[in-house]
Amino acid sequence: MQARKKYVLLGLCACCWLLLFYWGGGVQVRLFKLLGRPRGEVVRPWPNWTDRAFLPGYAQLEELQTGPGSAESPHQRHQAWTGIYKDSRCRMETCFDFTRCRRRGRNGFRVYVYPSEKGERVSESYRKILMSIGESRYYTTDPREACLFVLGIDTLDRDQLSGQFVPNLDDRIKGYPLWNEGRNHLVFNLYSGTWPNYNEDLGFNIGQAILAKASLNTEHFRPGFDVSIPLFSKEHPQKGGERGWLVRNTVPPRRKYLLMFKGKRYLTGIGSDTRNALHHIHNGKDIVSLTTCRHGKDWEKHKDARCNHDNLEYEKFDYQELLHNSTFCLVPRGRRLGSFRFLESLQAACIPVLLSNGWELPFSDVIQWNQAVIEGDERLLLQVPSTVRAVGNEWVLALRQRTQMLWEAYFSSVDKIVLTTLEIIKDRVFSHISRNKYMWNALPGGLLVLPEYSTHLAHFPFYYLSLGVSPGQEFTAIIHAVSPLVSQSQPIMKLLQVVSKSKYCSQIIILWNSEKPPPHRSKWPPMPVPLTVTDGRRKTSSRFLPNVAIETEAVLSLDEDTVLLTSEVNFAFMVWRSFPERIVGYPPRSHFWDPVKHAWGYTSKWTNEYSIVLTGAAFYHRYYHYLFSHYLPPSLRALVDRTSNCEDILMNFLVSSVTHLPPIKVAQRKQYKELPSPQVRRHPSMVNLTNELPSPQVRRHPSMVNLTNELPSPQVRRHPSMVNLTNELPSPQGTKMSAPWANPEHFTQRQECVNSFARWFGYMPLVHSQFRLDPLLFKDQVSVLRKKYKDLERA
């Protein structure tokens with residue numbers, strides 16, 4: 001019986017196989033055809049529609065069946081590419097000389113730019129690229145110490161029909177004695193090829209040079225060797241750039257329009273297939289997809305039946321208004337794979353929906369683009385609306401926030417694009433101390449994470465929260481000494497005793513910056529913690545030089561005449577442990593925009609707002625020492641050394657540029673002796689320095705209102721920072737000031753520094769704040785003896 005069932009089952013299987021063979025056209029025949037297909041023939045996954053009624057009102061069959069680009073097959077395009085670039089298989093291991101970079105250890109990554117010949121035509125975009133390299137910390141004028149070489153000849157636009165095209169590059173480059181078939185050279189390019197095919201021919205043989213190119217095709221991209229860069233316009237800013245448009249925690253995450261596009265439609269040639277089909281998804285309501293064929297000199301010769309209607313519809317919507325009010329932005333290919341709309345969408349926090357098959361996205365080696373964009377398929381355009389509708393609100397907000405992070409970290413300026421390119425190459429050269437993917441894709445971005453400092457995430461203050469790591473429970477005090485030690489009653493002696501009593505103090509380092517040599521160790525008082533005296537007389541910026549003696553994460557920076565209580569030190573340190581990526585301290589200052597002078601101003605006026613916390617009494621993470629010395633250019637540090645001023649302002653600029661957040665001010669003692677004369681009711685540093693005098697009624701700093709808006713007692717008539725915490729101190733008589741900050745020129749220099757620093761950063765990184773942390777409750781009836789910071793209330 002069971003044998004009978006077995007035979008019946010085998011018979012049924014045989015029948016099914018025969019039916020499939022005859023009705024399906026022959027499985028074996030199809031299989032043999034597939035295996036015997038020529039290598040160059042393209043297998044199109046798009047269905048072969050035979051019924052036009054299946055898609056009424058949509059694209060014509062020719063539009064749907066035609067793939068993007070020219071009629072060339074991938075195999076033909078690859079053969080053309082290898083014919084132009086004989087070293088298409090280059091990798092760092094085969095086409096790069098590492099010995100040029102490792103002669104000087106970690107400092108061996110130097111970039112040399114060939115000098116431009118007299119009368120050489122250089123486009124505005126290439127001039128910005130060369131300027132970014134010249135102002136970077138990697139630039140060298142000596143080709144013998146260079147690791148990487150950049151041509152002085154403009155190679156950005158290799159379209160032979162362009163006015164920026166430079167001819168005869170092959171002959172000119174071969175005449176360079178350092179060319180060496182392109183080895184260790186970096187070639188920048190934005191536009192390649194010309195009408196009608198716009199292939200990737202640069203018109204010269206790059207040899208073994210690294211290609212930093214926009215609109216790179218994945219077929220031609222050499223992984224781990226080339227660098228894909230974004231297409232940017234000549235108006236793209238040199239430095240800084242505008243901030244992204246997303247307001248923090250924007251609610252709701254979706255905007256008025258779901259999906260938008262507004263741009264050119266190509267009537268003929270490469271790129272026309274994709275844009276000619278965009279009108280099919282336009283509904284004029286939540287999806288706005290507009291194209292115009294009104295561009296070029298002879299567009300009317302080629303216009304089709306849709307042109308007039310499309311042009312009228314095109315004028316109904318403003319592009320900037322659509323950008324501001326759309327959740328998703330279509331970024332279709334143009335004549336080339338890249339598009340200006342890619343960067344425009346990133347800045348606008350409009351999630352890019354890419355329709356550019358085969359495009360190697362910018363900085364794809366390090367950026368995880370699946371967290372910021374949606375990659376569509378040009379052949380599946382009609383599925384795009386349903387795809388973006390299915391994206392949930394939480395994911396929409398996450399995608400939009402990531403666009404802002406990437407825009408501000410890598411794309412907002414030419415400077416950042418160029419530096420990102422150099423840093424990617426540097427990570428390849430020094431792979432043993434390179435950044436990981438997390439560092440590149442998390443705030444504050446790879447440019448501000450120097451792997452020479454560490455490759456461990458837990459060693460950087462801005463990763464503590466995401467890693468669930470708490471900062472250390474000890475700090476190192478660094479006291480900046482400028483006065484010769486002549487008496488045991490000097491303020492620095494008392495300061496040493498106060499700081500060393502803190503249970504959190506691990507060590508004290510005195511940075512000796514006086515003209516006289518430092519005194520013998522026996523001249524210093526005995527301390528419960530190790531005391532080190534370091535010679536810092538070389539320059540003012542030595543205050544923030546990385547010091548191997550610093551063993552703790554937290555650094556307490558102090559001026560020699562700072563007056564604090566141990567309780568104040570302890571409280572500030574506890575606050576810093578909650579905000580380890582920021583500067584936390586006592587003496588505040590502020591900046592403002594002067595519309596009359598069209599410049600930034602610096603003020604110590606008593607206001608409720610601040611943007612700077614002076615490092616004369618402040619905590620910060622020791623990583624900022626390394627960043628100050630190795631990230632900032634030598635020109636800024638030279639300015640600080642030349643003026644013997646402004647190093648505290650520069651440190652605030654640096655930290656705010658990293659965090660995009662203000663420093664944190666902590667409050668100190670509320671009761672001090674009254675001024676000797678009723679006429680002296682204002683800060684002495686305001687005499688002939690700020691020209692901003694408070695009225696007689698203003699006898700206290702407005703920021704003395706604590707976080708509960710409870711006012712201090714009437715006896716408190718001046719801000720406690722007037723006592724030895726402002727770095728602008730009166731003499732005992734209150735009239736004659738001999739300190740350097742008493743000189744009006746000192747204050748003028750600080751005004752000039754603010755503007756110089758803002759010019760280098762390309763924007764104003766300082767952020768205003770009214771936030772202040774105070775350990776006291778003014779109306780608290782609890783006994784002072786029961787309070788944690790009892791000394792602050794009894795002082």
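Two strands pair if DSSP finds at least two bridges between them. The model shown in these close-up views is predicted.

**View 1. Strand β20 and its two partner strands.** Strand β15 (residues 554–559) pairs with β20 in the antiparallel sense over 5 bridges. Within this pairing, A554 has H621 of β20 as its bridge partner. Strand β16 (residues 584–585) is also antiparallel to β20 and is joined to it by 2 bridges; here V584 stands opposite F619. In a regular strand the side chains alternate between the two faces of the sheet. In β20, A617, F619 and H621 point one way, whereas A618 and Y620 point the other way.

**View 2. The surroundings of S557.** S557 lies in strand β15. Its relative accessibility is 2%, and residues under 20% count as buried, so S557 is buried. The side chain of S557 reaches the backbone oxygen of T615 at 2.7 Å. Leaving aside residues up to four places away in sequence, S557 touches I478, R543, T615, G616, A617, A618 and Y620.

**View 3. An open sheet of three strands.** Here 3 strands form an open sheet in the order β18-β17-β19, with antiparallel pairing. Strands β18 (599–603) and β19 (612–613) stand at the edges with a single partner strand each, so one side of each has no neighbour in the sheet. Strand β17 (residues 588–594) is joined to β18 by 5 bridges.

View 4. Strand β12 (residues 475–481) pairs with β13 in the parallel sense over 7 bridges, and A481 has W512 of β13 as its bridge partner. From β12 the chain crosses through helix α18 (residues 491–500) to β13, and this β-α-β crossover is right-handed. Strand β14 (residues 531–535) also runs parallel to β13, and 5 bridges join the two; I510 has V533 of β14 as its bridge partner. Of the 8 residues of β13 (residues 505–512), 8 are buried, so the strand is largely enclosed by the rest of the structure. Among them is C505, which is buried at 6% relative accessibility.

View 5. How many disulfides are counted in the protein? The count comes to 5, and the bonded cysteines, counted along the chain, follow the pattern 1-2, 3-4, 5-6, 7-8, 9-10. In the disulfide of C90 and C95, the sulfur atoms are 2.0 Å apart. The link is left-handed, with -75° about the S-S bond. C90 is buried at a relative accessible area of 1%, and C95 is buried at 6%.

View 6. The sulfur atoms of C329 and C350 are 2.0 Å apart in their disulfide. The torsion about this S-S bond is about 105°, so the disulfide is right-handed. C329 lies in strand β9 (residues 326–332) and C350 in the loop between α12 (340–347) and β10 (351–355), 21 residues apart. In the disulfide of C646 and C753, the sulfur atoms are 2.1 Å apart, and the link is right-handed with 85° about the S-S bond. C646 lies in the loop between α21 (634–643) and α22 (647–659), and C753 in helix α23 (residues 744–761), 107 residues apart.

Terms used. Residues numbered from 1 in each chain as written. Predicted model: local features only at pLDDT ≥ 70, side-chain atom pairs only at ≥ 80, totals over all residues. Heavy atoms only, no water. Helix = DSSP H or I, 4+ residues; strand = E, 2+ residues; numbered from the N terminus. Buried < 20%, exposed > 50% of the residue type's maximum accessible area, 1.4 Å probe, protein only. Polar contact = N/O pair within 3.5 Å; in protein donor to acceptor, adjacent residues only side chain to side chain. Contact = heavy atoms within 4.5 Å. Right-handed = clockwise from strand over helix to strand, strands pointing away. Disulfide = S-S within 2.5 Å.
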